[in-house]
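I opened the model to look up its pockets and then its helix packing. The notes follow in the order of the look-ups.

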Amino acid sequence: MKAAKIRLYVEHPLGEGQTIPLSQPQAHYLFGVMRQGVGDAVLLFNGEAGEWRADVIEAGKQRGGALQVAEQTAPQRNPPDLWLMFAPIKKARTDFIVEKAAEMGAAQIIPVQTEFTNAERIRQDRLQAHAVEAAEQCGGTFVPEVSDLHRLDRMLANWPEERHLMFCDEALAGHAATLGRDLPRGAPWAILIGPEGGFSEAERARLAALPQAYAISLGPRILRADTAAVAAMTLWQTTLGDWT
């Protein structure tokens, strides 16, 4: 039996003996780019049923192909109930935030429009594809949903009572980066990263008035938004998440 070197996300049920049709882009990647053929093994996941080994039973670069599921290789592993909310920035750096959030265990990724956000629209489908690719490459079995752009003021006005909010406040730069271990573990949480211009005074006041919000520092330096997203997720995961 050949070892599987490639992982693919598929939107099909997975179970022993199941036949999985490949889309044309998947077939091109497997057979044209990666030079796989009939009999080669591929690892599959659909975000719900864990990871499964499948064998190529039909290979065609143009017309597609098919896989047959053989056995489960890993159980389903879901992340904590954590949202990553961030203000979109330049294209490559927004892509980076989505990729790292998927790798690091966000359950949902929510771009938000703040008063100082430069972007007025995003390509949700492209960002979702980046989340899929990140899950394929990092060995995850879960793909976070990337939502369309939401206005921050509307989200805060209807904030879920049960969801805590870790608000990364650049005004606290210079303070130690800490997140109290006495905060509730296992509860729904969100992390909010602001735009490059920072939050407005009105936004900061609204966040401060939200009972579920906790303003934190990310250390002695003001970080770029993409760096802040990674730093904040690391702090949360090592304190309240599934890295501990």
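For residue classes I count Ala, Val, Leu, Ile, Met, Phe, Trp, Tyr, Cys and Pro as nonpolar, Asp, Glu, Lys and Arg as charged, and the others, Gly among them, as polar. The model is predicted, so local features need pLDDT of at least 70 and side-chain atom pairs pLDDT 80 or more, while totals for chains, interfaces and linings use all residues. Residues are numbered from 1 along each chain as its sequence is written, and side-chain values use heavy atoms, with hydrogens and water left out.

Entry: pockets. A pocket is an open set of points on a 1 Å grid over the protein atoms alone, where a 1.4 Å probe fits, with protein on both sides within 12 Å along at least five of seven lines; lining residues have an atom within 4 Å of a point. Volume is the space filled by probe spheres set on the points, which are joined across faces, edges and corners.

I looked up the largest pocket and noted about 620 Å³. It is lined by 24 residues, and Leu8, Tyr9, Gln26, Val132 and Glu136 are the closest to its centre. Helices (H or I, at least four residues) and strands (E, at least two) are DSSP runs numbered from the N terminus. Two or more lining residues each come from β1 (7-9), β2 (19-22), α1 (24-33) and α3 (124-138). The most come from α3, with six. By class I noted eleven nonpolar, seven polar and six charged residues in this lining.

The second largest pocket has about 300 Å³. Its lining has 21 residues, with Cys168, Glu170, Ile222, Leu223 and Ala228 the closest to its centre. I sorted that lining into eleven nonpolar, five polar and five charged residues.

Entry: helix packing. Axes are lines fitted to C-alpha atoms, for helices over the stretch in contact, and angles run from 0 to 180 degrees between N-to-C directions. I found the axes of α2 (residues 91-104) and α6 (residues 225-239) within 9 Å, crossing at roughly 10°. The pair is therefore roughly parallel (angles under 35 degrees; over 145 is roughly antiparallel, 65 to 115 roughly perpendicular, the rest oblique). Residues in contact (heavy atoms within 4.5 Å) include Phe96 and Ile97 of α2 and Val230 and Met233 of α6. The contact of α2 with α6 holds eight nonpolar, two polar and three charged residues.

I then took α2 with α3: about 45° between them, axes 8 Å apart. That makes α2 oblique to α3. Among the contacting residues are Val98 and Glu99 of α2 and Arg126 and Leu127 of α3. By class this contact of α2 with α3 has six nonpolar, two polar and five charged residues.
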